[in-house]
Amino acid sequence: MSLRQDQALIAEWIAPGSRVLDLGCGDGALLVELRRRLNVSGYGIEIDRENIVRCLEAGVNVIHGNLDQGLQDFDDDSFDYVIMTQTLQAMRYPHLVIREMLRVGREGIVTFPNFGHWKCRLQLLTGQMPVTRHLPSTWYDTANIHMCTIRDFEALCATERVEVLERAAVDSEHRAGFAMRFLPNLLAEIAIYRFRRKTVL
Amino acid sequence: MPTEIPADSVGLVSPRKHLFEEPLQLDCGAALPGYELVYETYGTLNAAADNAVLICHALSGDHHAAGYHKAEDAKAGWWDNCIGPGKPVDTNHFFVVCPNNLGGCAGSTGPLSINPATGRAYGPDFPIVTVRDWVESQARLADVLGIRSWAAILGGSLGGMQALQWSIDHPERVRHAAVIAAASKLSTQNIAFNEVARQAIRSDANFHGGRYYEHGVVPQHGLMLARMLGHITYLSDDVLHARFGRELRDGKLNFGYDVEFQIESYLRHQGTSFVGRFDANTYLLMTRSLDYFDPAARHGDNLTQAVKQAKAKFLVVSFSSDWRFSPARSREIVRALLDADRDVSYVEIESELGHDSFLLEIPRYHAVLRTYFERIRAEFRP
């Protein structure tokens, strides 16, 4: 299976042999790769039954569930990483999902399309909601009900007392890292964050 | 009657019997001096004996899971849509074993069998056997068949409970457990339904304390009521409505207490046809086994501790409209398996057909089973 670019970047952040929960795991590609390369164990959660069948085909442990209903089937601190790729913006309450991620996991990793990307801004300037490569749906027919920019996300982290451990971004030239060094909120199409609970002193 | 046996059927099959002469110690404290199990097999056991699948049946099931006994048979075995060449449990690759449970009425030792101590049918003296007892009796059958470990154990409802119990009691002998439309223990409501069913049977004038065989009668009215009640709970309100609505049998009201609505006619038919094929004492016993099932009880009432014994990988499946064994009950099993860090996948299948869904050919459900079993196959193929 081949990984999307954001997933490939995540794979570089994961410690070998760790235990991972992948929220909205799709066809299980990330978990398959993490298992193959890094001997990672864990589960995916997926709502789409067709995707669940793909996960079973790949031999991935998959639990049918709706992330908007929280992670009540999982105990506190039961995973090294809780990962959510390209799904945060489709959640009913993204901040509650992040709390849940850091309840059951030591660290969280999310990727999301950056609404602050210059193409989005340019389209908004014309007076219309953006439709781009990463956001191909029209405003009335999109699962992405909570779009945010990189700056918004970092503000949420501050409010939620979440410590950002690592950032990366994929720009429109498919370059990883470049955008994060140089005007990330303007150049990053996909933002990638690794974070944990801020330790209370 | 199938004019021709379909190509994806296991075809004509004959049950086999094995007599176990070693006494079987039961949960209730009693021991059976010996017992017989009737069973069917489909497909071929490979040289490594690692392609065997055990099918566990539910309350009213038996060993005849697939194929036909005679070419004239009107119906194939009870899970024929799932077991056969090219079917989800593919008999081109798997060796499938399905026994009739101890205490049953389809040929295995049960209330209808002769009690060697008295020379007459056991009837009500047949000890209440539990899911654990079934697992032990089936483990001996596995020994006889030369199966050290099952590639998978698959069952729905009470059958799913057996699959779960197997994985806890014999961790080394179960590689995959597929637990369909089941629960880790019955809800209060479920026990309540079972009690009404039992009272219907036991209060029938023909019950004679369970010794009705000796009087040449059967408590047919009670058994029929039990089945009618059960049947309502196996279906959903939506499917009953869709199938029968308020349709009148005669197209008009007759202002009486005979059948007025089609649903009444259907339930009576289900009840009477059941009486012809099932034994009332077995019905009592099976419902009691269901009530007693609680694998956590021996592990400090902690299901996580119980399933920590298991080494199998699990597939748990529930059905959205199943209110007898609801998705919430399946999720309890999943939660325990997650806590215990076991390999598990879970899916809730969208279905309006209630608890009975597990027996039906629902495309997404069968796709799940097929995919899961193909994956199992990859483990034993060279």
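Is B:L303 buried or exposed, and what is its relative accessible area?

Guide: B:L303 is buried, at 14% relative accessible area. Buried means under 20%, exposed over 50%, and partly exposed in between (1.4 Å probe, protein chains only). The model is predicted: local features need pLDDT of at least 70, side-chain atom pairs count only at pLDDT 80 or more, and totals for chains, interfaces and linings use all residues. Residues are numbered from 1 along each chain as its sequence is written, chains are lettered from A and ligands numbered from 1 in the order in which they are written, and side-chain values use heavy atoms, without hydrogens or water.

B:L303 sits in helix α8 of chain B, residues 303-308. Helices (H or I, at least four residues) and strands (E, at least two) are DSSP runs, numbered from the N terminus. Leaving out residues up to four places away in sequence, B:L303 touches B:S184, B:P295, B:A296, B:E332, B:I333 and B:A336. Contact here means heavy atoms within 4.5 Å.

Now step back to the loop between α7 (280-292) and α8 of chain B, where B:D301 lies. B:D301 is exposed, with 62% relative accessible area. Its phi is positive, about 55 degrees, although B:D301 is not a glycine.

Next, helix α9 of chain B. B:R335 lies in this helix and A:D75 in the loop between β3 (62-64) and β4 (79-85) of chain A. First, their contact: A:D75 and B:R335 form a salt bridge, with the closest N and O atoms 2.5 Å apart. Given those places, the pair joins two chains. A salt bridge is a side-chain nitrogen of Lys or Arg within 4 Å of a carboxyl oxygen of Asp or Glu. Both ends are partly exposed: A:D75 at 32% relative accessibility, B:R335 at 24%.

The side chains of A:R19 and B:D341 meet in a salt bridge, 2.1 Å from N to O. A:R19 belongs to strand β1 (residues 19-23) of chain A, and B:D341 to the loop between α9 (327-339) and β12 (344-349) of chain B, so this pair too joins two chains. A:R19 is buried at 15% relative accessibility. B:D341 is partly exposed at 44%. B:D341 also has a positive phi, near 65 degrees, and is not a glycine.

Keep going past β12. B:E350 is in the loop between β12 and α10 (363-380) of chain B. B:E350 is exposed, with a relative accessible area of 53%. Not counting residues up to four places away in sequence, B:E350 touches A:R49, B:S320 and B:I362. B:S320 is 30 residues from B:E350 in sequence, yet 5.2 Å away, C-alpha to C-alpha. Another link takes in chain A: A:E50, A:R54, A:E57 and B:R364 are joined in a network of salt bridges. Over all chains, the structure holds 38 salt bridges.

One bridge stays inside chain B. B:D27 pairs with B:R132, the closest N and O atoms being 2.5 Å apart. The two are 105 residues apart, with B:D27 in the loop between β2 (24-25) and β3 (31-32) and B:R132 in helix α1 (residues 131-145). B:D27 is partly exposed at 34%, and B:R132 is partly exposed at 25%.

Last, the core. The largest nonpolar core has 174 residues. Such a core is a set of buried Ala, Val, Leu, Ile, Met, Phe, Trp, Tyr and Cys residues joined through side-chain atoms within 4.5 Å. Those with the most contacts inside it include A:F153, B:I180 and B:Y365. Among the residues that B:I180 touches are B:V317, B:F319, B:F358 and B:Y365.

In helix α6 (residues 150-159), A:I150, A:F153 and A:C157 are buried. They lie on the same side of α6(A), because they cover an arc of only 60 degrees around the axis. The arc is that of the directions from the helix axis to the C-beta atoms. An α-helix has 3.6 residues a turn, so residues three or four places apart point the same way. The face turned away from the buried side of α6(A) carries the exposed residues A:R151 and A:T159. Just after α6(A), A:R161 takes a positive phi of about 55 degrees.
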